[in-house]
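Keep the viewer open and follow along.

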Amino acid sequence: MKKHCKLIALLLICLFTFSIVGCGGEQAADSGKDKAPVEENKTPEKTDSKVAENEKILMDQLQPLPKTGQGEKIGILVITLANPYWVGLKESYERAGEELGVEVEVMAAPTEGDTKSQLETLQAMTAKDYKGMILSPIEPFNLVPGVVAANKKGIKVVNLGPGIDKEAVEKAGGKLDARICVDFEEQGQKAAEYIVEKIGKEGGKVAIIQGIPGAGQSEGRTTGAKKVFENAAGIELVSIQPANWDRNTAYNIATNLLQAHPDLKGIFCCNDVMALAASDALTAAGKRDGRFIFGVDFIPEAKEAIEEGKLDGSIAYSMDAYAKAGIILTLKSIQGQEVPETVMSPLAVVTRENIKEYSDWR
């Protein structure tokens, strides 16, 4: 009997002890509920003020904005995905489509100059169930029959970037519903002004490497740069040559320019791909220092080259903002809203001096 009593007493002591420890554990857990939760270390979301500023200028031109999230399907035709600029713009279109609740499909010609294939691609696109299309032509006339075909199918047509000749479209019985662009002449002007400023009062010889002759962006950029060079004191424009947007051709032109004009001080190239090639050519010849090379588009490779001092600068405009504005303009057309005659994207001059301000630019 005594043994049983001792056993019962021991069990009671154990139960009492367990209960105290258990309550203490519950109190610790409960006390944790009263404290503010510890937040995980999170990298704050970056807001690039330059891109935001660029987008605001575009959105102000597009007011009132259309309804989004309606699932419209938009076909997009760019020049070629062999060029990193158009690859970047394709990615921007896709990001914008996801943000705006729009289904986008981006198509392209195989090369920069394949006008026939680009038209054939457009004609195949008109057979799809797009509500609208955004078109960037290789040259002003090659897509005209495709625009007319799209009109007949009731597809809204927006021209982005290089111009489709409006008069030619109208003569063929078609129309463009809207246009969004950058000022190509201003791009050339700003680049040339930078080169002239850097060359300074002593002056010197300069050259221009063009894209495809007749292409709107090539002609506009060349005209803008030519005006600045020809009106600048002490500056002699010694050459304007087309490289057809081709890197190897631009490299050879720059090499020959340096042989013909060893004292050449500056080269403006109508896009970054050719500017990077010109820089490589001068570096290979041991003549890169003291000469200024400027491009257009601010592609990722150009950004790296500016940071490393291999390129002096590039004319930029936010591809994300540009693509988003293009889709919004198309939605306005689809939804029957009034659209501005032309929407213009603002430009930025990115140089060695201010490259840090554009670290997150896209």
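## A word on terms

Helices here are DSSP runs of H or I with at least four residues, numbered from the N terminus. The model you are looking at is predicted.

## Gln217

Start with Gln217, which is found in helix 8 (residues 216-231). Buried means under 20% relative accessible area, and Gln217, at 7% relative accessibility, therefore counts as buried. Leaving out residues up to four places away in sequence, Gln217 touches Ile79, Pro162, Phe184 and Trp245.

Now turn to the open sheet, where six strands lie in the order 2-1-3-4-5-11 with parallel pairing. Strand 2 (103-109) and strand 11 (343-344) stand at the edges with a single partner strand each, so one side of each has no neighbour in the sheet. Helix 4 (residues 115-125) packs on the sheet and touches strand 1 (73-80), strand 2 and strand 3 (132-135). The direction of helix 4 makes about 175° with that of strand 1.

Strand 4 (residues 156-160) and strand 5 (residues 178-181) run parallel and are joined by three bridges. Leu160 has Ile180 in strand 5 as its bridge partner.

## Helix 10

How many of the 13 residues of helix 10 are buried? Ten of them are, so helix 10 is largely enclosed by the rest of the structure. Among the buried residues are Asp272, Met274, Leu276 and Leu282.

The end C-alpha atoms of helix 10 (residues 272-284) are 18 Å apart, which agrees with the 18 Å that its 13 residues should span. At the start of helix 10, a side-chain oxygen of Asn271 comes within 3.3 Å of the backbone nitrogen of Val273. After helix 10 comes Gly286, with a positive phi near 70°.

Notes
Residues numbered from 1 in each chain as written. Predicted model: local features only at pLDDT ≥ 70, side-chain atom pairs only at ≥ 80, totals over all residues. Heavy atoms only, no water. Pairing = 2+ DSSP bridges. Helix = DSSP H or I, 4+ residues; strand = E, 2+ residues; numbered from the N terminus. Contact = heavy atoms within 4.5 Å. Axes fitted to C-alpha atoms, helices over the stretch in contact; angles between N-to-C directions. Buried < 20%, exposed > 50% of the residue type's maximum accessible area, 1.4 Å probe, protein only. Expected span 1.5 Å × (residues − 1). Polar contact = N/O pair within 3.5 Å; in protein donor to acceptor, adjacent residues only side chain to side chain.
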